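Here are my notes on the model you sent over. They run as numbered points, with a few questions answered along the way.

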Amino acid sequence: MTSVDEPARSGTRTRDAARTRAEILDVATREFARAGYDGARVDEIAARTRTTKRMIYYYFGGKEQLFTAVLERAYGVIREAEQALDVEHLDPVAAIRRLAEVTFDHHERHPDFIRLVSIENIHDAQHIASSESLASIGSPALDVIRRILAEGRRSGLFTADVDAVDLHAMISSFCFFRVANRHTFGALFGRDLVAPDQRAHYRAMLGDMVIAYLTAERAAD
């Protein structure tokens, strides 16, 4: 016979499991970002959490699956930001600037995401390729970009016939470079790309660059 307290205990166990899993992912994110996939150790991740190596394997199956879960959550954060983006009330120029700012802000706030993506590229994106959720997650931003580009061309504000994926790459590359290459760029050129007093400058520069590309006159072939 089931006790009347059983549903409550079951709910508590579910919440505890969710908290434990989240804690493991938090620590694993920092450890993978710090040491890379090859350098990170499950023993070290377990030592920094309130759980055991055995429980990490119970929740995730192994180091490879844990790293994949870390990537899935990291990409999920930016996808949520893209899905929450509301630019329908803006004209195409303001809309595309706002979309670029969302990527700029996210990459600046999540330097571990930049490191994780860099690490995954070293491994030829094999973890992303093996993840069903990442393979299907796509990018909500692409649908938004397509709508903005179509409206911009229809209204005559955008003169360039630009592919949405190309524009997404253009925006992402600037935002990614600014964080990923902060230290090497600073050492070579004496300029901190993430300096707080330069933030507004680079944020506006990104939008200006994108809009200039979309509104530039193209020479005939």
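1. In which helix is Thr 103 found? Thr 103 belongs to helix 5. A reminder before going further: the model is predicted. Is Thr 103 buried or exposed? Its relative accessible area is 6%. The cut-off for buried is under 20%, so Thr 103 counts as buried. Leaving aside residues up to four places away in sequence, Thr 103 touches Ile 171, Ser 172 and Cys 175.

2. Now the overall fold. The protein has twelve helices and zero strands. Read along the sequence, the pattern is α-α-α-α-α-α-α-α-α-α-α-α. Among contacts with a separation of 6 or more, 69% join residues 24 or more positions apart.

3. On overall dimensions, the radius of gyration is 21 Å, whereas a compact globule of 221 residues would have one near 17 Å. Along the principal axes, the C-alpha atoms fill a box of roughly 75 × 50 × 35 Å. Of the 221 residues, 39% count as buried.

4. The largest nonpolar core holds 28 residues. Which of them touch the most other members? They are Ile 96, Leu 99, Ile 148, Leu 167, Ile 171, Leu 206 and Leu 214. Helix 5 (92-109), helix 9 (140-155), helix 10 (164-180) and helix 12 (199-215) each supply at least two residues of this core. In soluble globular proteins, nonpolar side chains tend to be buried together.

5. Not counting residues up to four places away in sequence, Leu 99 touches Leu 85, Ala 141, Val 144, Ile 145, Ile 148 and Ile 171.

6. Next, the aromatic residues. How many aromatic pairs does a search of the whole structure find? The search finds seven. One of them is Tyr 37 with Phe 67, whose ring centres lie 5.2 Å apart. Their planes meet at 55°, so the pair is tilted. A pair of aromatic rings is described by the distance of the centres and the angle of the planes.

7. What does the Tyr 37 and Phe 67 pair tie together? Tyr 37 sits in helix 1 (residues 6-39) and Phe 67 in helix 4 (residues 63-83), so the pair links parts that are 30 residues apart in sequence. Both Tyr 37 and Phe 67 are buried. With Phe 32, they form one aromatic cluster. Lys 63 lies over the face of Tyr 37, 4.8 Å from the ring centre.

8. Two annotations come from an unreviewed UniProt entry. The record lists residues 18-78 as "domain: HTH tetR-type". In the model, that span is 85% helix and 0% strand, with its end C-alpha atoms 21 Å apart. The record also lists residues 41-60 as "DNA-binding region". That stretch is 70% helix and 0% strand, and its end C-alpha atoms lie 14 Å apart.

9. Helix 11 (residues 182-189) deserves a look. How many of its eight residues are buried? The number is zero, so helix 11 lies largely in the open. Gly 190 follows helix 11, and its phi is positive, near 70°.

10. Please check the backbone at two non-glycine residues. Most residues other than glycine have a negative phi, and most peptide bonds are trans. Asp 124 is not a glycine, yet its phi is positive, about 60°. Ala 125 also has a positive phi of about 60° without being a glycine. Asp 124 lies in the loop between helix 6 (111-122) and helix 7 (126-129), and Ala 125 is found in the loop between helix 6 and helix 7. Asp 124 is exposed, at 67% relative accessibility. Ala 125 is partly exposed, at 28%.

11. A last point concerns helix 10, where Ala 169 is found. Ala 169 has 43% relative accessibility, so it counts as partly exposed.

Technical notes:
Residues numbered from 1 in each chain as written. Predicted model: local features only at pLDDT ≥ 70, side-chain atom pairs only at ≥ 80, totals over all residues. Heavy atoms only, no water. Core = buried A, V, L, I, M, F, W, Y, C linked by side-chain atoms within 4.5 Å. Buried < 20%, exposed > 50% of the residue type's maximum accessible area, 1.4 Å probe, protein only. Helix = DSSP H or I, 4+ residues; strand = E, 2+ residues; numbered from the N terminus. Contact = heavy atoms within 4.5 Å. UniProt positions renumbered as here; feature names shortened; annotations may be inferred. Phe/Tyr/Trp six-rings, centres within 6.5 Å; stacked < 30°, edge-to-face > 60°. Lys NZ or Arg CZ within 6 Å of the ring centre and 35° of its normal. Rg over C-alpha atoms; globule rule 2.2 N^0.38 Å.
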